[in-house]
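User: I have a model open on my screen and would like to learn how to read it. Could you take me through it, feature by feature?

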Amino acid sequence: MQETIVIGVIGSDCHAVGNKILENVFARAGFNVINLGVMVSQDEYIDAAIETNARAILVSSIYGHGEIDCIGMRDRCTERGLDGIPLFVGGNLVIGKREFKDVEVIFKGMGFDRVFGPDVDLQHVVDCLHQDIAVYNREHLAVEAAA
Amino acid sequence: MKTVSIDIGSTWTKGALFEVGDRDLQLIKRTVFPTTVQHLADGFYQVLNALLDDTHAIDRVRSGEITLNYSSSAKGGLAVAALGLVPSITLESARVAAYSAGAKITQVFAYRMNRSDIRALEANPPDILLFAGGTDGGHFDTIRHNAALLASSALDCSIVYAGNRAVQDEVTDLLGDKDLVVVENVLPALDQQNPDPAREAMRTIFLSRIVKGKGLDEIIAATGSEPVPTPYAVYEFTRHIQEHVPGWDDFILLDMGGATTDVYSSHDQCPPPGAVQRGLPEPLIKRTVEGDLGMRVSAEAVSETGDTLIAEHLAHDPAQIAAFHDYVAKVTAEPDYLPQDGQGKHFDTLLAGACAAYACERHAGRSTQVYTLDGTVDVLTGRDLTGVKKVIGSGGWLANSPDFDVSAWISERKVDGKGKTVLLPATVEYYRDAQYLFPLLANVARNYPEAAALTGVALLAQS
């Protein structure tokens, strides 16, 4: 079954090229990609994920303000009924010279399941998607069945 | 060839007789009678007989000598309740579809309904419940939940299901005992609005079921001609003008009545360079209707919504503010009241200005400037009407008000209550439907679209 994922560039970030590449790669990998484009707000990702029954949200950020744009996104997903949805973030997430592992800690602390740097191999992201969506579907379907 | 057009309004039944030419229509005669609310057919026949000067005018319609088209907004028009999932997505698509079908939206619901929502629907049942939610292959559990809840309700109106295709069968099984019509999704994918199948279903239901309750079925049986809701006809007329009249691709049509203000616009949306468009794609023709903006029945609500705006216009003489409120109370109690003096006429202008300003503001989209590392970027949501040059004013009051300055009133709402820029034009050419023929021409357009559109525009008075 083709899984639906929502992608987009968050905040006031209007870098469109990488976003197109991601759409292409994920579509070729067999996902139904809902691409919201650039300058996407937290609620727009969540609205789109609800309507399309998406199995993951992938947030991109390139301009260095990712940290402030992403604060509270996990809580917002939970509040709006997307409990436990796989939440990925990637790109050039912070300004200045910070070790990637420190950046990863910050974003995982915010509730993102996976954090990727600007040089990640996209096949690795695809593998992570398959893995996390499988887990989410198992848990989510179990909850649904119980209800 | 002669053709008759009749519009059965809530207060007046209006009619006109036209001679049909190659590419134009000549108005031969027009008349108006009070709407006979107890039995709509009576007022209809009075108008028809008067237009054709014949006590059995119906025979000439039946024989095909005269063609006839008519519309109705009597007895509350077409009342639709809209149900979607996310308010800004499938609920918005449901609204767009309902408005395009000529409906007024009486209630809206999003996400999971609960028992009090069901009670609210049962207490105030619409003619149609438009049930949307989920893109095709998308979300479904809320749809199932809502369908099950509706199934257990006492609601007996027509239901149009235009949501996620994946659960069509389940919805059909759950709501099989109701009066259910299943159509294509109003939003099959996030970037694709699809209002027409739901719109067509609502038009068909209006015809097959609702007209009976309103007493229009007798006219259908007698004339063989079928009515549409008045705003449905005007929506189509807007499309005909866009298609057939050179230079009229982009325009706004304002139809202001005693109870509501309708705004129609024709506009092919294309975000300007450097701007980013967010939200659902915009249709070519769009209608919105404001049930709380009108010259008489809704005057009280207008004075509340527009209190700051109206107070500014009366600031030179604060004593007038109290007089204005007295006037509003008077016209609300007596919807037929026409002002007798300069002050009353001025107050009517203020009411009309506030209706125009707020109705256009709600119809139009918004822009906010966002600072990015690459400079400022305009983020647009909704309909960008800044480039529109023409506004048509229709409805009884606007038809008779050559001095109404629509540009000035629209400009009063350059910025909305949240500080966002309202995407309306700064100055426009104003065209007045001085003979108030638009709803009647809209009916004729069902048979003669080009002639009606060209005539409608040719008859406009520019001021």
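User: Let's start where the chains meet. How many residues of chain B are in contact with chain A?

Analyst: A general idea to begin with: the size of an interface is often given as the accessible area lost when the parts come together. Here we can count residues instead, keeping in mind that this is a predicted model. On the chain B side 21 residues are in contact with 15 residues of chain A.

User: Which elements give two or more residues to that side of chain B?

Analyst: They are helix H3 (87-100) and the strands E13 (275-278), E15 (366-372) and E16 (375-381) of chain B. By residue type, the side of chain B that touches chain A holds eleven nonpolar, seven polar and three charged residues.

User: Now chain B as a whole. What can I say about its build?

Analyst: Chain B has 17 helices and 20 strands. Its C-alpha trace spans about 60 × 60 × 45 Å along the principal axes. For 463 residues, a compact globule would have a radius of gyration near 23 Å, and the 23 Å of chain B agrees with that. Of these 463 residues, 50% count as buried. Among contacts in chain B with a separation of 6 or more, 71% come from residues 24 or more positions apart.

User: On to the sheets. How do I read the one that contains E7 of chain B, and in what order do its strands come?

Analyst: The general idea is that strands of a sheet pair through backbone hydrogen bonds, either parallel or antiparallel. In this case five strands of chain B form an open sheet, ordered E6-E5-E7-E8-E9, with parallel pairing. Strand E6 (103-109) and strand E9 (179-182) of chain B each have a single partner strand, so they stand at the edges with one side lacking a neighbour in the sheet. On average, neighbouring strands of this sheet are turned by 25° against each other, direction ignored.

User: How many bridges join E7 to E8 in chain B?

Analyst: Four bridges join strand E7 (residues 128-131) to strand E8 (residues 158-161) of chain B. To find the pair on your screen, look for B:Leu130, which stands opposite B:Val160 in E8(B).

User: And the sheet with E1 of chain B: what is its pairing?

Analyst: That open sheet has mixed pairing, and its five strands follow the order E3-E2-E1-E4-E10 (chain B). Its edges are strand E3 (25-34) and strand E10 (228-229) of chain B, each with a single partner strand, so one side of each has no neighbour in the sheet. Within the sheet, strands E1 (residues 2-8) and E4 (residues 66-72) of chain B run parallel and are joined by seven bridges.

User: What about helices? At what angle do H12 and H13 of chain B cross?

Analyst: Two packed helices are described by the angle between their axes and the distance between the axes. For helix H12 (residues 319-333) and helix H13 (residues 342-363) of chain B, the axes come within 10 Å and cross at roughly 80°. H12(B) and H13(B) are therefore roughly perpendicular to each other. H12(B) makes the contact with B:Ala323, B:Phe324 and B:Tyr327, while H13(B) uses B:Gln343, B:Gly344, B:Phe347 and B:Leu350. The residues of this contact are five nonpolar and two polar, with no charged ones.

Definitions and conventions. Residues are numbered from 1 along each chain as its sequence is written. Chains are lettered from A and ligands numbered from 1 in the order in which they are written. This is a predicted model: local features need pLDDT of at least 70, side-chain atom pairs count only at pLDDT 80 or more; totals for chains, interfaces and linings use all residues. Axes are lines fitted to C-alpha atoms, for helices over the stretch in contact, and angles run from 0 to 180 degrees between N-to-C directions. Angles under 35 degrees count as roughly parallel, over 145 as roughly antiparallel, 65 to 115 as roughly perpendicular and the rest as oblique. Two residues are in contact if their C-beta atoms, placed from the backbone, lie within 7 Å. Ala, Val, Leu, Ile, Met, Phe, Trp, Tyr, Cys and Pro count as nonpolar, Asp, Glu, Lys and Arg as charged, and the others, Gly among them, as polar. The radius of gyration is taken over C-alpha atoms; the globule rule is 2.2 Å times the number of residues to the power 0.38. A residue is buried if 20 or more other C-beta atoms lie within 10 Å of its own, exposed if 12 or fewer, and partly exposed in between; C-beta atoms are placed from the backbone. Two strands pair if DSSP finds at least two bridges between them.
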